[in-house]
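Dear colleague,

I am handing over the structure below, which may be new to you, and after it I set out what was found.

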Amino acid sequence: MRLTLHVWRQRNGRAEGQFVKYDMPNASEDMSFLEMLDVLNEGLVAQGQDPVAFDHDCREGICGMCGFVINGVPHGPERGTTACQLHMRKFKDGDELWIEPWRASAFPVLKDLSVNRSAFDRIIQAGGFISVHTGSAPDGNALPIAKEASDRAMDAAQCIGCGACVAACPNASASLFTAAKIGHLGLLPQGQPERDRRAVSMVERMNAEGFGHCSNLGECEAACPKEISIEFIARMNRDYLGGAFSQRPAGARIED
Amino acid sequence: MQLDARIPAGPIEKKWESHRFGMKLVNPANKRKYTVLVVGTGLAGASAAASLAELGYNVKAFCFQDSPRRAHSIAAQGGINAAKNYQNDGDSIYRLFYDTVKGGDYRAREANVYRLAENSVNIIDQCVAQGVPFAREYGGVLANRSFGGAQVSRTFYARGQTGQQLLIGAYQGLERQIGLGKVEMHARTELLDVVVVDGVARGIVTRNLVSGKIESFVGDAVVLCTGGYGNVFFLSTNAKGCNTTAIWRAHKKGALFANPCYTQIHPTCIPVSGDYQSKLTLMSESLRNDGRVWVPKAGGDKRSPDQIPEGDRDYYLERRYPSFGNLVPRDVASRAAKAVCDEGRGVGPGGLGVYLDFADAIKRLGANTVAERYGNLFQMYERITGENPYKVPMRIYPAVHYTMGGLWVDYNLMSNVPGLFVAGEANFSDHGANRLGASALMQGLSDGYFILPYTLGNYLAGVKPGSIDTQHAAVKDAEAEVGERTKKMLSLKGKRTVDSFHRELGKIIWDECGMARNRKGLEGAIERVRTLRDQFWTDAHVTGSGDEVNKELEKAGRVADFFELGELMCRDALAREESAGGHFREEYQTPEGEAQRDDENFCYTSAWQWKSDAEPQGLVKEPLTFDYVKPTQRSYK
């Protein structure tokens with residue numbers, strides 16, 4: 001199939017970017033989207049031109065490294081699918097595709113389609129863990145956990161941290177990402193001792209990183225390659241509110 | 001050169017315990033004076049960095065990905081073994097030890113494997129405490145499944161994403177230590193050389209993959225947890241970024257490279273669909289529990305599978321291995337698939353594929369049950385191939401998946417270069433010549449959580465902290481060397497892309513040092529790889545500059561090292577005149593076509609020592625002794 005590509009080219013974070021048009025005369029429908037870009041890049045390199053930079057690694061939809069916006073949709077048109085698992089048979093001969101990086105001030109562009117997502121790591125640093133030292137754990141079966149709770153925790157835990165939720169949100173909110181971690185750990189008995197502290201600390205970090213607020217549009221859930229539910233955002237809001245009370249210093253009042 | 005594996009004395013079940021007690025300790029107040037550099041943040045690296053930081057050491061951690069959470073451990077699907085015996089089905093530490101030594105075709109160290117089996121039970125406890133959502137029974141206890149031909153159910157899992165969940169657990173522990181200021185994290189940073197001062201590993205030289213800046217870091221010990229080298233084949237199930245550069249640079253600085261020819265070819269991967277193919281995708285081995293593998297009886301049979309009647313099909317695994325059938329171990333299943341394709345009976349484009357058919361399972365169990373068991377895998381298959389496996393048999397073919405070889409380490413996981421530790425898939429480790437399913441995750445976490453925190457402390461207790469800085473002449477020399485090499489690559493203005501060289505290299509290694517090897521092929525491959533490497537250094541084209549994001553430059557550096565490693569793999573395969581596990585020499589097989597070991601002459605680990613660019617590596621042997629598990633011919637008939 002023949003495609004016309006408009007790819008966002010930006011030399012680095014300080015430079016201006018623009019769409020550049022490329023002809024892709026011989027895409028195969030069995031290619032993945034990233035393989036199609038590989039072919040484009042081989043052609044560019046052969047002509048001595050700078051190839052399009054994009055992040056990718058496992059190409060199995062699990063590492064979360066890849067992702068960009070295709071015709072306005074993060075990871076492209078197939079639901080529950082990362083860009084690396086999207087195949088060209090989902091497009092038609094003659095299609096025109098606009099390919100651009102995640103757009104969010106908390107995700108500055110590094111080059112072309114590659115952005116800096118280290119804000120996500122800092123949100124995890126703020127509390128996305130259970131404080132347990134190596135070697136101090138009791139037997140794995142000492143604490144029975146209801147299958148339902150464990151399964152639901154897993155629904156949240158499968159977040160791959162790709163950032164599509166942020167890119168899909170008109171407010172560039174990281175609520176789905178943050179809520180998935182708060183939900184994963186907060187649903188398990190091991191996560192209870194730090195539950196309030198975690199929710200408050202992670203939400204505050206998310207805000208400080210420059211992500212917007214959630215206004216319940218649900219775009220994040222629609223774009224999420226793991227189809228994580230926005231129910232977890234509701235849960236996060238409840239935990240945050242509860243935590244805001246329990247985490248204030250002893251004797252302090254909530255006044256503003 | 002004499003290799004000392006430093007295996008403690010005493011009975012096998014007491015070795016690790018008494019060794020730990022005999023180790024020196026670092027006073028808590030002194031721990032913060034030591035700096036440890038941990039390279040790679042997969043299961044081994046993240047768990048080691050977090051555990052060492054908890055103890056109080058200063059840790060600097062490095063990964064080439066944009067976040068430590070992306071390391072390729074994340075892609076492991078099936079599960080992690082542990083000798084918990086929660087199922088009361090007769091499992092024990094000794095049985096896991098026994099299965100692993102046998103599965104490795106008697107080419108692993110008994111003492112290391114026993115310790116691995118001991119640690120397995122602690123790993124599960126640790127991961128549960130971290131919040132890893134393992135599968136559970138309704139009663140709230142942990143669920144298990146059987147895996148990879150084992151006769152007990154000892155595999156713990158989190159849906160089909162066990163690697164992801166274990167890595168996220170270790171990553172969260174690591175991020176916690178970063179937040180506490182105990183780990184300094186350098187993401188998008190690639191190791192380009194190891195600094196050795198007076199024979200001791202003291203630092204690393206890196207390139208910042210965003211700014212291009214070449215930088216050095218020094219410490220009191222260096223830990224490489226940089227994974228396997230399967231991408232030498234270009235097409236493999238590894239992530240695109242997986243590479244050998246860290247361990248190869250260390251090898252060229254003196255670390256011995258052990259058993260490079262032991263590579264694991266996984267039997268159930270989605271076949272290649274075209275020349276543009278960039279990687280291969282694994283389909284979990286669990287599919288073989290219900291799927292039946294077959295090819296047409298006659299070569300060149302072009303009918304669609306539903307038009308081929310039962311009588312014209314050859315269920316070759318069931319025919320050749322009546323007792324194990326479709327569940328034979330990975331190496332056996334892979335070779336059998338190659339054999340039928342070599343006979344011209346393969347299916348799909350290019351004839352490199354065999355059917356994995358679920359029609360009988362659907363008839364027996366119903367489509368719903370099959371969907372419950374394998375639904376996500378069927379969906380992934382359909383997404384990639386556009387074919388519906390409920391209606392048409394899957395097509396599968398073997399692909400490179402794991403490398404058992406790696407840097408040689410002693411019982412303490414230290415290489416022959418003092419201060420240089422190697423953990424996870426990067427070391428030559430505990431799997432011998434073949435790794436059992438669900439054992440890679442176990443080894444990475446055993447090394448990182450439960451071995452390095454002890455053995456590294458013991459090493460540090462004997463060295464004076466912080467005695468060199470980045471102005472040291474050895475550091476400056478290493479930096480200059482890295483700078484020169486980078487400049488040289490960027491000055492290549494030839495006609496071929498780096499990827500085209502990598503594909504060609506991969507094809508040579510796959511054809512001659514893949515599922516089956518022979519003397520003539522290996523000798524030819526060595527010559528062809530050398531020629532190709534020379535061409536690379538004159539005819540490659542690396543675009544862009546060194547002081548920006550430059551993915552072509554990153555690839556070029558990795559491919560340059562793959563040439564040298566590929567050659568060593570062929571040399572190792574040539575020198576090992578026997579068949580063992582993943583290493584199958586066509587000259588050495590039983591009359592039935594199975595791998596024929598030669599315990600009398602080859603019961604050793606081959607460790608290769610770098611000499612110079614002008615002469616090949618020298619072979620150093622570490623003899624293997626088996627006091628507990630008696631070597632026998634593996635049989636799955």
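**Surface and fold of chain B**

Chain B exposes about 21,500 Å², of which carbon and sulfur atoms supply 49%. Please keep in mind while reading that this is a predicted model.

Turning from the surface to the interior, buried residues make up 65% of the 637 residues in chain B. The chain is built with 17 helices and 19 strands, and its radius of gyration is 24 Å, close to the 26 Å that the globule rule gives for 637 residues, so chain B is as compact as a globular protein of that length. Among the contacts in chain B with a separation of 6 or more, 73% are accounted for by residues 24 or more positions apart.

**One helix pair**

Helix H5 of chain B, residues 110-130, packs with helix H12 of chain B, residues 440-460, at an angle of about 80 degrees, and their axes are 9 Å apart. Because an angle of 65 to 115 degrees counts as roughly perpendicular, H5(B) and H12(B) are therefore roughly perpendicular to each other. On the side of H5(B), the residues that make the contact include Leu116(B), Asn119(B), Ile123(B) and Cys127(B), while those of H12(B) include Met442(B), Leu445(B), Tyr449(B) and Phe450(B). Sorted by class, the contact of H5(B) with H12(B) has eight nonpolar, seven polar and one charged residues.

How values were computed:
Residues numbered from 1 in each chain as written. Chains lettered and ligands numbered in written order. Predicted model: local features only at pLDDT ≥ 70, side-chain atom pairs only at ≥ 80, totals over all residues. Heavy atoms only, no water. Axes fitted to C-alpha atoms, helices over the stretch in contact; angles between N-to-C directions. Helix = DSSP H or I, 4+ residues; strand = E, 2+ residues; numbered from the N terminus. Parallel < 35°, antiparallel > 145°, perpendicular 65-115°, else oblique. Contact = heavy atoms within 4.5 Å. Nonpolar A, V, L, I, M, F, W, Y, C, P; charged D, E, K, R; others polar. Rg over C-alpha atoms; globule rule 2.2 N^0.38 Å. Buried < 20%, exposed > 50% of the residue type's maximum accessible area, 1.4 Å probe, protein only. Areas by Shrake-Rupley, 256 points an atom, 1.4 Å probe, with all protein chains shown as cover.
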